[in-house]
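Dear colleague,

Please find below the structure that I am handing over to you. The notes after it set out what was found.

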Amino acid sequence: MRIAVAGATGNIGGLAAAALQVQHEVVKISRSRGVDLVTADGLDAALEGVNAVIDTMSYEGADREAAERYFGTATENLLAAENRAGVRHHVLLSIVGVDRVKGNAHYYGKRMQEDIVNKGQVPWTILRATQFHDFGATMVDWSEQDGIAAIPPLLVQPIAPQDVADVLTELATGTPQGLYRDLAGPEPQDLVDMARRTNAARGRSIRLLPTWSSVLGVEMAGNVLLPGEDARIAPTTFDEWLALQ
């Protein structure tokens with residue numbers, strides 16, 4: 001198959017592209033390769049002859065309108081180009097709990113993205129995954145100031161990035177399934193403890209301050225970010241991932 005990966009220079013996109021290259025022809029969609037999802041420059045040429053598209057694009061801004069504008073524009077451009085090219089399957093990576101979290105710019109954007117895909121003309125699969133095993137480290141990077149990082153005491157069920165990439169490649173080579181069941185790691189974890197253990201494994205001396213006055217708010221507390229009962233459970237534990245850090 002000829003499969004395109006949007007966001008191919010990102011964490012999950014890069015892993016998915018590498019996994020696909022073993023058996024398929026991969027088209028990497030990114031600005032660094034002359035393809036811009038927001039302006040649509042280079043999209044038609046990139047999607048020529050493509051059978052399926054995996055969309056792993058992301059946005060890190062904190063403004064709701066900017067996030068919705070980015071996800072909305074990029075997704076509409078991508079789907080329009082797919083329709084012109086005769087792409088038969090669009091696979092979108094989304095987030096477990098995206099329909100339950102209010103007040104977060106990224107989640108607003110992802111909800112808009114899901115809605116556009118759902119109403120689009122290209123047959124689709126949406127995969128909602130939990131936070132990744134490196135989420136604790138990411139929160140430290142986002143919030144650290146003067147050796148102190150404010151970490152929200154979230155309950156998550158993290159998953160290895162490689163496991164997410166493997167399921168995306170599996171889905172992309174199959175038939176469209178609509179909203180797929182949640183994808184999660186083997187066990188729940190406390191985000192503050194994840195950040196502490198990741199810092200220790202990587203030799204980072206940063207004081208952690210558990211607080212809801214951080215990047216993520218109390219709307220994500222409790223079981224909001226945990227997967228549904230029928231979730232698909234990936235094999236790699238946080239401890240196994242941590243041992244490689």
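This is a predicted model: local features need pLDDT of at least 70, side-chain atom pairs count only at pLDDT 80 or more; totals for chains, interfaces and linings use all residues.

Helices (H or I, at least four residues) and strands (E, at least two) are DSSP runs, numbered from the N terminus. R196 and S94 are 102 residues apart in sequence, and their C-alpha atoms are 26 Å apart in space.

Residues are numbered from 1 along each chain as its sequence is written, and side-chain values use heavy atoms, with hydrogens and water left out.

Two strands are taken to pair if DSSP finds at least two bridges between them. On that basis β4 runs parallel to strand β3 (residues 52-55), to which 4 bridges join it. One of the positions concerned is D55, whose bridge partner in β4 is L92. β4 also runs parallel to strand β5 (residues 124-129), with 6 bridges between them. There, H90 has W124 of β5 as its bridge partner.

β5 is likewise mostly covered, with 6 of its 6 residues buried. W124, I126 and R128 point one way from β5, and T125, L127 and A129 point the other way. β5 pairs in the parallel sense with strand β8 (residues 178-179) over 2 bridges. In that pairing T125 stands opposite G178.

β3, α3 and β4 make a right-handed β-α-β unit, and so do β4, helix α4 (residues 105-119) and β5. A crossover is right-handed if, with the strands pointing away from the viewer, the path from the first strand over the helix to the second runs clockwise.

G72 is found in helix α3 (residues 64-85). Its relative accessibility is 5%, so G72 counts as buried. Residues up to four places away in sequence aside, G72 touches M112 and I116, where contact means heavy atoms within 4.5 Å. G72 and I116 are 44 residues apart in sequence but 7.4 Å apart in space, C-alpha to C-alpha.

Helix α5 (residues 135-143) has F135, G136, A137, M139, V140 and S143 as its buried residues. These buried residues pack against β6 (148-151), α7 (191-202) and β11 (207-210).

The largest pocket

About 1300 Å³ of space lies in the largest pocket. On a 1 Å grid over the protein atoms alone, a pocket is an open set of points where a 1.4 Å probe fits, with protein on both sides within 12 Å along at least five of seven lines, and lining residues have an atom within 4 Å of a point. Grid points are joined across faces, edges and corners, and a volume is the space filled by probe spheres set on the points. The lining has 42 residues, of which S58, Y59, E60, H106 and W142 lie nearest the centre of the pocket. Two or more lining residues come from each of α1 (11-20), β4, α4 and α5. The largest share, 4 residues, is that of α4.

Loop residues

Most residues other than glycine have a negative phi. A40, although not a glycine, has a positive phi of about 75°. A40 is found in the loop between β2 (25-29) and α2 (43-46), and at 28% relative accessibility A40 is partly exposed. D146, which is not a glycine either, has a positive phi of about 55°. D146 is found in the loop between α5 and β6 and is exposed, with a relative accessible area of 79%.

S205 has its place in the loop between α7 and β11. With a relative accessible area of 76%, S205 is exposed. S205 and D163 are 42 residues apart in sequence and 29 Å apart in space, C-alpha to C-alpha.

With kind regards

Notes. Buried means under 20% relative accessible area, exposed over 50%, partly exposed in between (1.4 Å probe, protein chains only).
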